[in-house]
Amino acid sequence: AALLMESGIAQLVRASTDGLQMVGVPLALPDECVSAAWLPAPWHGRRALLVYTASGDTLTLVEDAESGLSIANTACGLSTVVDFELADLHGEGQDQLFALSGSGKPALRVVRHGVGVEQLLRTPCDYAGVTGAWRVAPRRADATDALLVLSFVGATRAFALGATLADATEAVGFCASAATLSCGRVVDGLIVQVCDSHLQVIAWRDEGAQGASGAAPVSVPLPEGSGLVQCAAVGEGFVVVAVSRPTPALLVLSPSPGGLSLTRRVPMRSEVSCMALPPENMVATLPLSLCVVGTYAHTIELVDLVAQGTPELLALQEIRVDAPLPDRGAAVPESVVLVVYDR
């Protein structure tokens with residue numbers, strides 16, 4: 001048998017008439033053990049134990065009659081995936097899965113068909129927790145994305161995509177000192193980064209520096225009295241941000257000579273917890289003005305942002321949970337997405 005301790009120590013033990021006997025020396029694992037199981041068949045002629053660690057990796061421990069346990073193989077895992085994107089960034093003819101693992105050892109990993117996991121980047125320890133990721137193509141006609149934007153707790157980094165990842169945060173003009181709530185292209189050549197207190201408008205040129213004519217990025221404050229942004233989404237031709245002051249509302253902003261200007265305020269019945277706009281590959285199928293939102297009233301609502309007169313609530317679905325929950329907040333939606341499927 002094997003004894004696995006919370007401190008990350010593994011010890012082989014053997015039962016006898018005299019009780020339990022420790023075999024060999026304790027083995028220090030690289031991370032805490034979550035679960036473990038013996039393989040039903042020998043692994044290269046020896047008994048083997050699979051150990052799943054807190055960082056998402058799987059260790060293969062083999063048994064030795066004298067020394068005890070030793071690590072024979074390490075399989076790098078993807079959990080816990082905080083966010084991911086599918087894109088063919090290397091021109092391989094098929095999408096790769098770029099995954100952000102936010103627990104244990106925060107890392108950006110790419111998965112290809114038939115190829116193992118390759119770690120592209122490990123962030124330094126001064127960045128706490130990945131909170132989101134966005135891939136950005138500055139122009140709609142671009143065949144590939146130019147930037148990968150990573151949001152951390154209290155910081156943002158933007159990486160230029162290529163054979164390797166190069167940090168281009170300051171060169172492009174992103175606000176590095178705040179977390180990003182949403183990011184994307186609002187019109188060709190114009191990128192918007194939404195932070196909790198302002199929106200950063202970045203004009204793009206092919207070299208990756210700010211502005212087609214050297215213009216500096218523009219910081220657009222929220223309307224006075226709006227409070228902080230709760231969540232946001234960047235769509236084709238406009239940006240939507242959710243605020244709670246003076247009353248819950250969606251603010252619709254459109255590009256203007258000064259950066260962005262408020263074009264509409266859509267009242268909401270309760271505060272918004274998450275939102276989504278139609279993805280780029282569905283703009284020919286779904287109206288651009290559709291916005292699906294999750295609320296703290298435990299509802300999912302579909303809203304038409306540009307309906308004439310009073311904004312139109314197209315659909316509402318209340319979230320019902322039969323089993324009692326210890327925390328009422330457990331029924332608040334955290335993420336929503338618009339999809340189209342054939343019946």
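Analyst: A residue is buried when its relative accessible area is under 20%, exposed when that area is over 50%, and partly exposed in between, with a 1.4 Å probe and protein chains only. By that rule, 42% of the 343 residues of the protein count as buried. This is a predicted model, in which local features need pLDDT of at least 70 and side-chain atom pairs count only at pLDDT 80 or more, whereas totals for chains, interfaces and linings use all residues. Residues are numbered from 1 along each chain as its sequence is written, and side-chain values use heavy atoms, with hydrogens and water left out.

User: How many helices and strands are there in the protein, and what makes a run count as either?

Analyst: The protein has one helix and 27 strands. Both are DSSP runs numbered from the N terminus, a helix being H or I over at least four residues and a strand being E over at least two. Strand 16, for instance, covers residues 182-187 and holds R185.

User: Why is R185 called buried?

Analyst: The relative accessibility of R185 is 8%, and since the limit is under 20%, R185 is buried.

User: What makes the approach of R185 to E236 a polar contact?

Analyst: A polar contact is a pair of N or O atoms within 3.5 Å; within protein, one must be able to donate a hydrogen and the other to accept it, and residues adjacent in sequence count only if both atoms are side-chain atoms. The side chains of R185 and E236 are joined by such a contact at 2.9 Å, a value that falls within 3.5 Å. A polar atom of the R185 side chain also lies 2.7 Å from the backbone oxygen of A137. Using contact in the sense of heavy atoms within 4.5 Å, and leaving aside neighbours within four places in sequence, R185 is in contact with several residues, among them V136, P138, I191, V234 and E280.

User: What makes a set of residues a nonpolar core, and which residues have the most contacts inside the largest one?

Analyst: The term covers buried Ala, Val, Leu, Ile, Met, Phe, Trp, Tyr and Cys residues joined through side-chain atoms within 4.5 Å. The largest such core has 17 residues, and those with the most contacts inside it are V192, V194, L199, V239, V241 and L260. At least two residues of this core come from each of strand 17 (190-194), strand 18 (198-203), strand 20 (231-234), strand 21 (239-243) and strand 22 (249-256). A second, separate core has 16 residues, including M275, V293, V303 and L305. In soluble globular proteins, nonpolar side chains tend to be buried together.

User: Why are strand 16 and strand 19 called edges of their sheet?

Analyst: Two strands pair if DSSP finds at least two bridges between them. The sheet is open, with four strands in the order 16-17-18-19 and antiparallel pairing. Strand 16 and strand 19 (218-221) each have a single partner strand, so one side of each is left without a neighbour in the sheet. Inside that order, strand 17 and strand 18 are joined by five bridges, so they meet the requirement of at least two. L190 stands opposite A203 in strand 18.
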